[in-house]
Amino acid sequence: MPVFTRSRHLPDSPDETPATGEDALETEEAAEAVDGAEAVDGAEADEAAETDEAAETEAETTKAGTAEAETTKAGTAEAETAEAETTEARSAEAGSAEAGSEVEGAPGTPRSFKARLAHWRAWRSRYPVAGRVLWWTATVLSVVLVLGALLLPNRLFALQLNRFVRLPGEAIVAAVVLLALPRRPRVVVAALTGVFLGLLTVLNMLDMGFVEYLGRDFNLVLDWGLLDDAQSYVADSMGRTTAIAATVGIFLLIALLCTVMALATVRLANLLARNTQVATRGTLISGTVWITCSVLGLQYAGLPVASDRVAHSLVSEARRVRDTLRDEAAFAKEARIDTFGNTPPAQLVPDLRGKDVIFAFIESYGRSAVEDPGIAPGVDKTLDTSAQALTKAGFQARSGWLTSATFGGSSWLGHSTALSGLWVDTQQRYRTVMASDHLSLTKAFQKTGAWDTVGIMPGVQKGWPEQQFYGLDKVYNAFQLGYEGPKFSWSTMPDQYALEAFQRLEHGKQRDKPLMSEIILTSSHQPWAPVPKMVGWDELGDGSVFDGIQKAGTKASEIINDSDKSKEEYGKSIQYSVTALTQWLERYGTEDTVLVFLGDHQPIARVSGNNASRDVPVSIVAKDPKVLDKIADWNWTQGLKPASDAPVWKMSSFRDRFLTAYGSVPNASKE
């Protein structure tokens, strides 16, 4: 009895008689039956052990050979002998893999796609060692991926080994559910679980980034718009091409992560279903261990062995979403109540009439700049030197601390908190207050009619509707200051140039009214490279003088992932901004100039540390001693450097304290 392989016989010459149509049909059906059995086995067991598969393949092949042999008995002996010889010759000459390829391309005997697919999937039978290695590798990687997603923390500093040697309760619950489901629902639920774990991993990574840069978790309701700001920041710091490539790469990685995670969970689900008795026993044991560890409070390396990380994360996110939605209505009500909302214009800041008042924000000027051992020496020296120079010029200063509503970024939240008297710590609150009639500190000057009001905004590069809330008659953005020099990373121009432009365009002009100005300085904005250097004030021109300085400066890519270098360059940027501002006051300040300058927030955690406060320095500088006498009861420190024990106020309290100190009479508006 000749032995038949699964490959189809092709005649070697026109004279050779092919198998009859019935023979071919039955042979094809037998091959497809084998293929179907292998496909079902692969779907149900998902990578069964190679030895079992080899045995099953041999059994099915033997059945097919028997069926073909029985069919061939009805034919001629010559055809049987020729077919057997031809088939054996081809199998010996090319091997089963090559035979499949050759037969597929031969004329007159096409194989179905299903048969070819099954043939490809049976490669483990032909390469058992490689198949076994791949099976175990894929299984181990699946376990690592799923456990990693279940145990991944949402803080960079928490990425330690002890976080990943815990028993996740969610995995036990998932195993129970999957074991109870039939095949198709099990695969669907497992795939959806994998996609969920992929998205949860992305959310944890967003939390890591937001904590690092903004000191808080990602808000699912409010923070999607900030991702566009992040892309703009990367484009300004490292180039538009880099920003686009990074954005596309991130989306591809997210899609890949969710796909791989889904495949991993499906694989593990099929592995559970392969032997439900063993899987059920293991699940029960794991559940018992988890409950025991949880009840007894057992720990390893300072962390509970029984983990509910995912459940805790979901509860936290749900609460954050709920609180965000509730806060919108509550804050809108709060914003409608204003201590000075109905104060007549004549009773607003009467003690500053005739003064040129400047409110200047120094980007990222935080307490760490003054007190961190790695940053403070250079900054403190600059503050002391600048204070001495101002004293020689006839100015005096008082300084204290304010606790900012933001950390690491979102400067506009700090600006609005200081000037509105409201705690504006989210984008939702910011939108609410900007759309309200709440009286900002700068708008109080405009309301009196006794001041011209102007804004110098070198960081604004598009429409800025906030101008109305801040009560500014005129605003100069990045394109209206006459700058023709290079950008310094995110900063559109050096602070020294922006201040000189302010002098040229507004402060240095003769006018009928004094001037109230809001100035947002940007040279100390992250990534703090390259940092401008001071040049002669008479040499500024259109800013082209900074070309060489910018080219010779440190590149952002050289420090952006280096904490020590970032600290060093951050300190230099604060020294530069403080020097530029105080030198401008020395050079152009008058008897009637009053300068209030403060930081908007601390620098990011990479510079300030994970446990840094949210405090920022604030100083008031003037020549007229009566201006500082009005705040004598504030107990602020003399000079530009606040003492470590100087008073610390919430930034939202500054507006009311300032208005009250300079003679404003409260007259509250009510809801």
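In soluble globular proteins, nonpolar side chains tend to be buried together.

## The chain as a whole

The chain has 671 residues, and 48% of them count as buried. Its elements are 24 helices and 13 strands. Consider the contacts with a separation of 6 or more: 78% of them join residues 24 or more positions apart. The chain exposes about 31400 Å². Carbon and sulfur atoms supply 58% of that area.

## Confidence

Mean pLDDT for the chain is 82. A value of 70 or more is reached by 83% of the residues. Among the elements, strand β11 (residues 615–622) has the highest mean, 97. Helix α1 (residues 21–45) has the lowest, 37.

Over residues 1–110, pLDDT is below 50. This stretch still has 112 contacts in the model beyond near neighbours in sequence. Where pLDDT is low, the predicted coordinates should not be read in detail.

## Helix α11

Helix α11 covers residues 276–296. Its 21 residues should span 30 Å at 1.5 Å a residue. The C-alpha atoms at its ends are 30 Å apart, so the two values agree.

Which residues of α11 are buried? They are Ala279, Thr283, Gly287 and Cys293. These residues lie on the same side of α11, because they cover an arc of only 135° around the axis. Their cover includes α7 (169–179), α10 (240–274) and β4 (306–307). The face turned away from the buried side carries the exposed residues Gln277, Leu284, Val295 and Leu296. Just after α11 comes glycine 297, with a positive phi of about 70°.

## Two loop residues

Serine 652 sits in the loop between β13 (648–650) and α24 (654–661). Is serine 652 buried or exposed? Serine 652 counts as buried because its relative accessibility is 12%, and the cut-off for buried is under 20%. Leaving aside residues up to four places away in sequence, serine 652 touches Thr417, Gly421, Leu422 and Trp423.

Threonine 554 is in another loop, the one between α19 (547–552) and α20 (556–559). Its relative accessibility is 26%, so threonine 554 counts as partly exposed. Threonine 554 touches Ala529, Pro530, Ile559 and Glu569, again not counting residues up to four places away in sequence. How far apart are threonine 554 and alanine 529 in sequence and in space? They are 25 residues apart in sequence, while their C-alpha atoms are 5.4 Å apart in space.

Definitions and conventions. Residues are numbered from 1 along each chain as its sequence is written. This is a predicted model: local features need pLDDT of at least 70, side-chain atom pairs count only at pLDDT 80 or more; totals for chains, interfaces and linings use all residues. Side-chain values use heavy atoms; hydrogens and water are left out. Helices (H or I, at least four residues) and strands (E, at least two) are DSSP runs, numbered from the N terminus. Buried means under 20% relative accessible area, exposed over 50%, partly exposed in between (1.4 Å probe, protein chains only). Contact means heavy atoms within 4.5 Å. Accessible areas come from the Shrake-Rupley method with a 1.4 Å probe; for residues, only the protein chains shown count as cover. The expected span of a helix is 1.5 Å times one less than its number of residues. The arc is that of the directions from the helix axis to the C-beta atoms. pLDDT is the predictor's confidence in each residue, from 0 to 100.
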